[in-house]
Amino acid sequence: MKLIFRKAKEKDIDDLSRLLEALFSIETDFSADLEKQKTGLALFFSSHEEKAIFVAENEGVLVGMVTSQLVISTAAGGYSILVEDLYVQDRFRHKGIGTSLVQMVQKWGKGKGALRIQLLADKRNKAAHRILGFQASRMYGLYMPLGGLTDERRGQE
């Protein structure tokens with residue numbers, strides 16, 4: 001095994017979307033839609049420097065990935081890094097790849113002035129929770145697609 005860790009490039013979008021497809025197959029909140037995933041991944045390669053994808057590559061094949069985005073945290077009093085997509089192919093797990101990918105995010109984030117990392121992971125994915133000592137929070141994530149408010153709910157605001 002000859003691993004290379006690097007920042008993803010736009011030419012990686014097809015391979016990255018396949019990794020996301022595998023990730024979404026084990027998450028209960030999302031389902032794979034390759035066109036949506038490709039569209040979302042393409043946004044990471046726009047000119048802004050507030051986001052990055054890091055990958056692990058073995059013999060020319062992507063075997064792991066992590067997406068990272070800077071967000072503002074009023075609780076931390078500065079930037080936080082949102083890690084939403086962290087995935088390593090089954091046969092490459094337990095080899096430190098996830099840890100190495102998160103360390104790349106840490107280095108990148110520190111260079112951007114970030115003060116912490118926030119990881120979104122499926123509640124059942126205990127291995128992801130333990131990577132590099134992420135701590136459980138009493139908070140939990142909620143999401144709502146825009147346009148998701150019904151007329152009935154709008155009246156309650």
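Let's start with Ser 68, which is in contact (heavy atoms within 4.5 Å) with Phe 44, Glu 50, Lys 51, Ala 52, Phe 54, Ile 81, Leu 82, Val 105 and Trp 108, leaving out residues up to four places away in sequence. This is a predicted model, where local features need pLDDT of at least 70 and side-chain atom pairs count only at pLDDT 80 or more, while totals for chains, interfaces and linings use all residues. Residues are numbered from 1 along each chain as its sequence is written, and side-chain values use heavy atoms, with hydrogens and water left out.

Ser 68 sits in strand S3; helices (H or I, at least four residues) and strands (E, at least two) are DSSP runs, numbered from the N terminus. Its relative accessibility is 0%, so Ser 68 counts as buried. Buried means under 20% relative accessible area and exposed over 50%, with partly exposed in between (1.4 Å probe, protein chains only).

The buried residues of H3 are Ile 97, Gly 98, Leu 101, Val 102, Val 105, Trp 108 and Gly 109. They cover an arc of only 135° around the axis, which puts them on the same side of H3; the arc is taken over directions from the helix axis to the C-beta atoms. Strands S1, S2, S3, S4 and S5 are among what covers them. On the face turned away from that buried side, H3 carries the exposed Lys 107, Lys 110 and Gly 111. Just after H3, Gly 113 has a positive phi of about 85°.

Now over to H1, with 14 residues and a reach of 20 Å from first C-alpha to last, close to the 20 Å expected. Here Ile 13, Leu 16, Ser 17, Leu 19, Leu 20, Leu 23 and Phe 24 are buried. Their arc is only 160°, so they lie on the same side of H1. They pack against H2, S2, S3 and S4.

H1, H2, S4 and S5 each give two or more residues to the lining, and H2 gives the most, with six.

Note on methods
Expected span 1.5 Å × (residues − 1).
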